[in-house]
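Colleague: I would like to learn how to read a model of this kind, feature by feature. Could we begin with charged pairs and then work inwards?

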Amino acid sequence: MVVLGSRHLPLCCSLLLCLLLGCVPTEGIIATVGTDATLLCNYDAKYYGKLPVCWGRGAIPNSGCANEVIKSDGRTVVHRLTERYLLMGNQGAGDVSLTIRQVEESDSGTYGCRVDIPGWFNDHKHQVTLTVVAVRPDPLMVQTREVKERSVTIRWNPVFDGGRPITSYMVDLKNKQTSWDTGVRTEISNPELTQVTLVDLRPAKSYNIRMFVVNSIGMSEASNVLTITTKEAAPEGTPLDMRIEALTSHSIKVTWKPPSADLRNGVLQSYSVSYREYDPAGRQYKRWQHQSVTATQELESLILSNLKPSTKYGVIIQAKTKAGIGPASTAPLCSTLDEVHTTSEVVTVTPTSTDTTMQKEETSRFTTAVESVTDAIDWEQSTSSFTSVHTTSEVVTVTPTSTDTTMQRQETSSFTTAVESVTDAIDWEQSTSSFTSVPPDPPVVELKEVIDTSISLCWTPGFEGDSPITGYYLEYKALNASWDYTKAVVDFSPNQTEATIIEINPSTYNIRMFAKNSLGTSKASNVLTITTGRTGHQKIDTATTVSSELVSSEPLSPDAAASVNGSHNGHLAAIVMSVVLVVLIVAIVTTWQIRRVRQKEGSLSLWESNLPLRLRDSESLQEL
C-alpha cells in the first residue's frame, strides 16, 4: 500500500493543483468566413443566480479576462469591443455563450469565458478554440445593361469574396442552341470592374452569358444565365441568283433569291428594285425608278412594265430589314424587244410663221436645258446610294440667227435665269446644311492592356465645343474591313473615361472613338490597331495609327522595347561591318597597286648616296 501510494503521488499532486487553480476544459469549433460563430459557455444560474461574466482572447488568466472583448454584470452588457460581439443566450438560465457576427480569418484563435462565482477558486472557466476558414466567393447576379446589333454590355454588383480578395472574373458566352462546352470563356483580370462589353457578336442572334468569381480558394458557382438577342442590322449580303429576261418590247422580268441566311442580319422585310434606262452616249442622266417587293418566298420575281422598246435597262436589287437596307446585287444590262411597226398616216403641220418656229425651237432648247440640270441633280442624289458613274457631257452651242436676235436674247436670258435659280437653290441648300455650331473635339484614346481577348481602354476628353459632351461611342472593326459596313458601335456615358471590352473572335482590330453633344459629333479619334488572343499580360504591342488631327503618345510594351533594343544593336553591328569592309577594300586595293608597280618593265631604284637621284631602266619619273 505504501509502495502504491508513492507511485501515484505525482498524480495526486496534479489533481490537487488542478482543484486549487481550476482546470479549464477546451473545445474547438470551425466556422467559415462571413458566417456567425457561437462559442458555448454555461453555468448553473438556478443555484448561483445571475453572475458577472466576461469573454477574452487568449488563455484565461488567474483573474478577469485577457484581451477582453465583452463583459456583463449579469443583467446587461457593460463593455463590448465591437458590435460584432454579442451575448445572445438566456443569461437568466445561465447561457452566456459568445456570438461573433460575420467572422473573418483574423477571428481565429482561443477565446476564454470566466463566470465570477463568489468564493476562492470557484470561478467557472471555459476555453474555446475558433478556426475560421476562407471559402469560394458567392456567385454573381448579372444584369443586362445595353444590347446593340453587334455588342452587349453586362453589369453586376460586388459580392462576398469568401474571405479572400477577388482576383478575377470569368465570362462564358455561347449560342443559345448549343451547350456550354462549345462556349467561349474570357478572363477579366481587373477585380474592380462592375461592367464589361462583349463585342463582335452577330446581329439578330440569341446568346447565353454567365459569369464566375475567382479568389485564391477557388471559383464561385455560376451566376444566373442571361439570354440576350442582339438587335437586327442592315443585311450584309446581296440577293443571290439575280436574272433579267425581256418579255416584250415594254416589259422585263427580274428574278432573284434572298441573301445567304448568315448575312441577312435579321428578318427580311422587303426588296428594293431600282431600274433606269441606259444611255450609251452619256448625254443625259436617267432617273432611277424604284419598286418595293415584300419578302415572302425563296424565289422572288417582278415584271417591270411601261418600258421603252429596243432600249437597254440596268437593274439593281437590295434586301431590307427593319434596321436598314443592304448592298446592291447587279446583273448585265437587258434590252427590251424590238417593237413591231405598223403602217400609219403621218400628218405634217406646217407652221404659219418663221418667228413662231424659231420661238418654239428656242423654247424647246430652254426646256431641255432646265430638264438636263434637274436630271443632273436627281442623278447626283440617286447615285449617292449606289455607285459613282463618270460621264462626258456634251456642250451644245446655239448661234442666234439674224432673223430675230432680240427674241433669241430674251430666250437666252430666260434660260440663264432659270439655270442660275436652280444653281442658287443648290448652293443655298449646301450652305444651310453646312452652317452648324462647333461640335466637340475628338478624345485621345490609349490602350491600357490586352489580356487574351480582354481589351482595357482609357481616353482623355477634348474640347467640348459649344455644348457639353453628352457621351462617347466607340467604333470597332476587323483590320482589313471597311468602317462603313462592318463596324461595331459601343456607347459610353459622358463621365466615363475607361472601359473594358471582350473580343469574342481573337484577331487584329481597329478601334476609334467619337465624342458627341447636342450640336453634333466630333471627328474620329486616333485609331488603335490591337491584336487579341494572346495569353498573359501584354501592353501595347502593335502600331498605333494616328489621325491627322491628333497624335497619341503611348508607352512601349516590353516586346516593343526589346524590338527597339534589337534595332539599335542591329544598327551598331551594321556600322562595324561597314568599317571592316572599307578597311579590307583599302588593303586589297593597296596590295594590288604595289604589285602593279613592281611588275612594270625594269625596276625603279631610287637611292641617295650624296649624289643626285638616278633613274635606271625605267619609264620617266613624270610618267610614273
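Modeller: A salt bridge is a side-chain nitrogen of Lys or Arg within 4 Å of a carboxyl oxygen of Asp or Glu, and here the side chains of Lys448 and Glu498 form one, at 3.1 Å from N to O. Lys448 belongs to strand β25 (residues 444–452) and Glu498 to strand β29, so the pair links distant parts of the chain, 50 residues apart. Helices (H or I, at least four residues) and strands (E, at least two) are DSSP runs, numbered from the N terminus. Please keep in mind that this is a predicted model, in which local features need pLDDT of at least 70 and side-chain atom pairs count only at pLDDT 80 or more, while totals for chains, interfaces and linings use all residues. Residues are numbered from 1 along each chain as its sequence is written, and side-chain values use heavy atoms, with hydrogens and water left out.

Colleague: How many salt bridges does the structure hold, and which residues are linked in a network?

Modeller: There are 15 salt bridges, and a network of them links Lys148, Asp491 and Lys516. Between Asp491 and Lys516 the closest N and O atoms are 3.8 Å apart; because Asp491 lies in strand β28 (residues 488–492) and Lys516 in strand β30 (residues 508–517), this pair ties together parts that are 25 residues apart in sequence.

Colleague: Which strands does β29 pair with, and why is it largely enclosed?

Modeller: Two strands pair if DSSP finds at least two bridges between them. Strand β14 (residues 195–199) runs parallel to β29 and is joined to it by three bridges, with Leu198 standing opposite Ile502. Strand β26 (residues 454–460) runs antiparallel to β29, with five bridges, and Ser456 has Thr500 as its bridge partner. Because five of the six residues of β29 (residues 498–503) are buried, the strand is largely enclosed by the rest of the structure.

Colleague: How should I read a nonpolar core, and which residues touch the most other members in the largest one?

Modeller: In soluble globular proteins, nonpolar side chains tend to be buried together. A nonpolar core is a set of buried Ala, Val, Leu, Ile, Met, Phe, Trp, Tyr and Cys residues joined through side-chain atoms within 4.5 Å. The largest core has 26 residues, of which Leu39, Trp55, Leu98, Ile100, Tyr111, Val115 and Leu130 touch the most other members. Strands that each supply at least two of its residues include β2 (37–39), β8 (109–115) and β9 (124–133). A second, separate core of 22 residues includes Val142, Trp156, Met211 and Ile228.

Technical notes: Buried < 20%, exposed > 50% of the residue type's maximum accessible area, 1.4 Å probe, protein only.
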